[in-house]
Amino acid sequence: MSYKASKDRYENMPYNRCGNSGLMLPAISLGLWHNFGDVDDFENCRKMVHRAFDLGITHFDLANNYGPSAGSAESNFGKILKKDLASHRDELIISTKAGYMMWDGPYGDWGSRKYLLASLDQSLKRLGVDYVDIFYSHRPDPQTPIEETMRALGSAVRQGKALYVGLSNYTAEQTVDAIAVLKQFGIPCLIHQPSYSMLNRWVEDGLLDVVEEEGIGCIAFSPLAQGKLTDKYLNGIPEDSRAAKAHGFLQKNDITDKLLKTVGSLNKIAADRGQSLAQMALAWVLKDDRITSAIVGASKVEQIEQNIAALENNVFSSDEIFAIEKILVPLQ
Ligand SMILES: NC(=O)c1ccc[n+]([C@@H]2O[C@H](COP(=O)([O-])OP(=O)(O)OC[C@H]3O[C@@H](n4cnc5c(N)ncnc54)[C@H](OP(=O)(O)O)[C@@H]3O)[C@@H](O)[C@H]2O)c1
């Protein structure tokens with residue numbers, strides 16, 4: 001299979017400014033946490049990346065440990081980049097992260113300078129690139145001084161190995177501190193990457209105010225709650241779903257009766273809007289102007305197509321918002 005990018009790939013996707021920076025991100029980005037590892041079908045990975053790019057997705061989100069095996073999502077994306085997208089490198093925003101367990105011993109986890117910079121070098125090799133566009137501290141490290149972790153991010157930029165830096169999974173308070181330290185080093189923070197969905201609304205309690213006040217972007221991960229905010233589990237757990245897979249983070253026992261009741265009610269509102277539940281869940285996350293982009297995961301090309309079509313109907317009436325809140329309130 002040879003790949004030629006679609007000529008009309010920039011015609012429909014909206015690109016949102018990332019905080020006060022010069023960078024624009026697509027409203028929907030693709031994440032390679034699951035389904036892009038060496039346990040997965042490489043040709044399917046390739047097809048998903050092609051289709052995403054053809055539909056205007058310019059941003060691909062990775063981390064050192066995505067797979068399984070850890071590192072294999074970066075290697076697979078690197079192969080696809082080399083084979084098919086090399087001539088489009090300047091059209092792509094590739095992000096990676098370090099912060100979770102990656103290799104044995106005291107230097108392969110958390111937030112030390114030793115770990116972050118060694119991990120970034122490994123990521124660049126696997127991806128086959130000279131630099132990534134965004135390098136994240138994947139999580140705050142309570143044992144390492146914030147100055148050390150932020151200085152390591154700053155070094156990545158100064159060494160030309162990352163164009164921008166970001167924070168992921170930092171609380172509102174930790175974000176304020178980290179941004180202040182980065183500023184001291186003359187390095188702007190581009191973006192925060194928190195979890196956010198109709199089923200997980202912690203960012204509404206302070207973090208979204210911080211990103212707005214600080215003028216940084218916010219890219220929501222797991223906007224479909226790993227697939228729970230779709231219609232896929234309404235009639236049982238499909239064999240090829242994340243909840244059924246042994247290596248997935250979603251477990252069969254996460255699909256509870258209480259969840260299915262909530263999802264069933266949301267599904268009815270989505271149907272009244274003429275959307276799938278996945279589409280409504282994405283539109284719901286993106287309705288807040290402070291959200292620059294939503295990073296979706298996918299196991300099939302059709303999911304990417306369906307998810308991008310969410311952008312065709314992303315306005316909610318006050319009645320719809322009220323009805324959705326009523327369903328979500330018992331979960332808060
Ligand atoms: N910074 C962090 O700590 C962190 C943590 C987690 C994720 N992330 C990032 O966020 C990305 C997205 O996370 P996620 O994969 O959990 O996101 P998600 O979009 O909430 O869930 C993706 C899963 O939902 C299902 N799905 C997607 N579209 C669907 C559709 N239209 N209809 C039915 N099912 C659909 C698929 O499940 P099946 O596989 O069952 O088909 C897919 O694998 C990751 O790849 C990663 O880049 C970051």
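**Helix packing and the ligand shell**

The axes of helix H5 (residues 172-184) and helix H6 (residues 207-214) come within 8 Å of each other and cross at roughly 20°. H5 is therefore roughly parallel to H6 (angles under 35 degrees count as roughly parallel). The crossing of H5 and H6 is right-handed. On the H5 side the contact is made by Ala172, Thr175, Val176 and Ile179, and on the H6 side by Leu207, Val210 and Glu214 (C-beta atoms, placed from the backbone, within 7 Å). These residues divide into five nonpolar, one polar and one charged. The model is predicted: local features need pLDDT of at least 70 and side-chain atom pairs count only at pLDDT 80 or more, whereas totals for chains, interfaces and linings use all residues. Residues are numbered from 1 along each chain as its sequence is written.

Helix H8 (residues 277-286) is mostly covered, with ten of its ten residues buried (20 or more other C-beta atoms within 10 Å of a residue's own, C-beta atoms being placed from the backbone). The buried residues of H8 pack against strands E3 (28-31), E9 (217-221) and E10, and against helices H7 (257-272), H9 and H10 (318-328).

Around the ligand there are 30 residues, of which Gly31, Trp33, Phe221, Gly227 and Gly297 come nearest (a residue is near if its C-beta atom, placed from the backbone, lies within 6 Å). Strand E10 (293-296) and helix H9 (301-308) are the elements that give two or more residues to this shell. H9 gives the most, with three residues. The shell divides into ten nonpolar, 17 polar and three charged residues.

Note on methods:
Axes are lines fitted to C-alpha atoms, for helices over the stretch in contact, and angles run from 0 to 180 degrees between N-to-C directions. Helices (H or I, at least four residues) and strands (E, at least two) are DSSP runs, numbered from the N terminus. Angles under 35 degrees count as roughly parallel, over 145 as roughly antiparallel, 65 to 115 as roughly perpendicular and the rest as oblique. A crossing is left-handed if the near helix is turned anticlockwise from the far one by less than a right angle, and right-handed if clockwise. Two residues are in contact if their C-beta atoms, placed from the backbone, lie within 7 Å. Ala, Val, Leu, Ile, Met, Phe, Trp, Tyr, Cys and Pro count as nonpolar, Asp, Glu, Lys and Arg as charged, and the others, Gly among them, as polar. A residue is buried if 20 or more other C-beta atoms lie within 10 Å of its own, exposed if 12 or fewer, and partly exposed in between; C-beta atoms are placed from the backbone.
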